[in-house]
Amino acid sequence: MKVVFLGATRGMGRAVARLMAQRHDRLFLLGRDAEELARSAQDLEVIGGGNKVEAALCDLLQPETFASALDQAASALNGIDAVVVTAGLFATQERLEQDAALRRDVLTADFTNTIEFCEQARQRLLATGGGTLCVFSSVAGERARKPVLLYGAAKAGLSQYLEGLDHKFRAQGLRTVCVKPGFVKTSMTAGLKAPPFAGEADTIAPAVLKAIDRGRPIVYVPGIWRWVMLVIRLLPRAVMRRIAF
């Protein structure tokens, strides 16, 4: 499989990319830090038995970089079978309420610009007969909750967009995979108290890879979050006003 990654230099994206490298998929990395991209590409080349891994700069806060980065990837790989988007920004609700600039960046990166990147990826995949678009959203978008009010709003919009893509373009060959992680211990969540059912990037990566291979529209990782969020969605609004979860 020829796969383009936006966000494979750390966390969940890195874990999935390493699994793909192990089975000798061809990878192309996109990200905003040239040094991190180079280190990750070298690591993946070693894991992949010497298969060359190239990279290009692409920043979710700079949508003007999207087209060039995707074109470089398509040229290097001689086509694209899948695009995996794990990049995004996160901040606590408290920080987002207090910092207008940070709030704007998080909402723009995680909603508007992620969708714009996906649109450009979708167009390229469909132009060559289809493929897989795998995007990391979050269980934070399942139900409005006080601790993730703003971040969750962005992820709710992203999840709905991905579902719409599946409805509209599945018959044309686009397989959309929406990954909904619960709390995962990565650099993005460093310093935060881990709740029950917290996952590790390396342990959830196999489930994500299986969903990509099978084209499953939605996957919760760790899997228990499917049932946790089912309960949360059923709680009355009066209860949601009282609880801190």
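Here's a short tour of this predicted model, one selection at a time.

You'll find seven of them in an open sheet, ordered 3-2-1-4-5-6-9 with parallel pairing. From one strand to the next, the twist averages 15 degrees. Now pick strand 3 (54-57) and strand 9 (218-221): these stand at the edges with a single partner strand each, so one side of each has no neighbour in the sheet.

Zoom in on Leu 29 and you'll see its bridge partner in strand 3, Ala 55.

**A helix across the sheet.** Next, select residues 11-22. That's helix 1, which lies across strand 1, strand 2, strand 5 and strand 6, and runs at about 165 degrees to strand 1.

**The cores.** Show side chains for Val 4, Leu 30, Val 83, Phe 117 and Leu 133, the residues with the most contacts inside the largest nonpolar core, which has 40 residues. Elements supplying at least two residues each include strand 1 (2-6), helix 3 (66-77) and helix 6 (149-169). Helix 5 gives the most, with nine residues. Center on Val 4 and look around: among the residues it touches are Phe 28, Leu 30, Leu 70 and Ile 80. Then switch to a second, separate core of 31 residues, which includes Ala 15, Leu 29, Ile 204 and Ile 212.

**Last stop.** Select Ala 201, in helix 7 (residues 201-214). Is Ala 201 buried or exposed? Its relative accessible area is 11%, so Ala 201 counts as buried, the cut-off being under 20%.

How values were computed
Residues are numbered from 1 along each chain as its sequence is written. This is a predicted model: local features need pLDDT of at least 70, side-chain atom pairs count only at pLDDT 80 or more; totals for chains, interfaces and linings use all residues. Side-chain values use heavy atoms; hydrogens and water are left out. Helices (H or I, at least four residues) and strands (E, at least two) are DSSP runs, numbered from the N terminus. Buried means under 20% relative accessible area, exposed over 50%, partly exposed in between (1.4 Å probe, protein chains only). A nonpolar core is a set of buried Ala, Val, Leu, Ile, Met, Phe, Trp, Tyr and Cys residues joined through side-chain atoms within 4.5 Å. Contact means heavy atoms within 4.5 Å. Two strands pair if DSSP finds at least two bridges between them. Axes are lines fitted to C-alpha atoms, for helices over the stretch in contact, and angles run from 0 to 180 degrees between N-to-C directions. Lists of a residue's contacts leave out its neighbours within four places in sequence.
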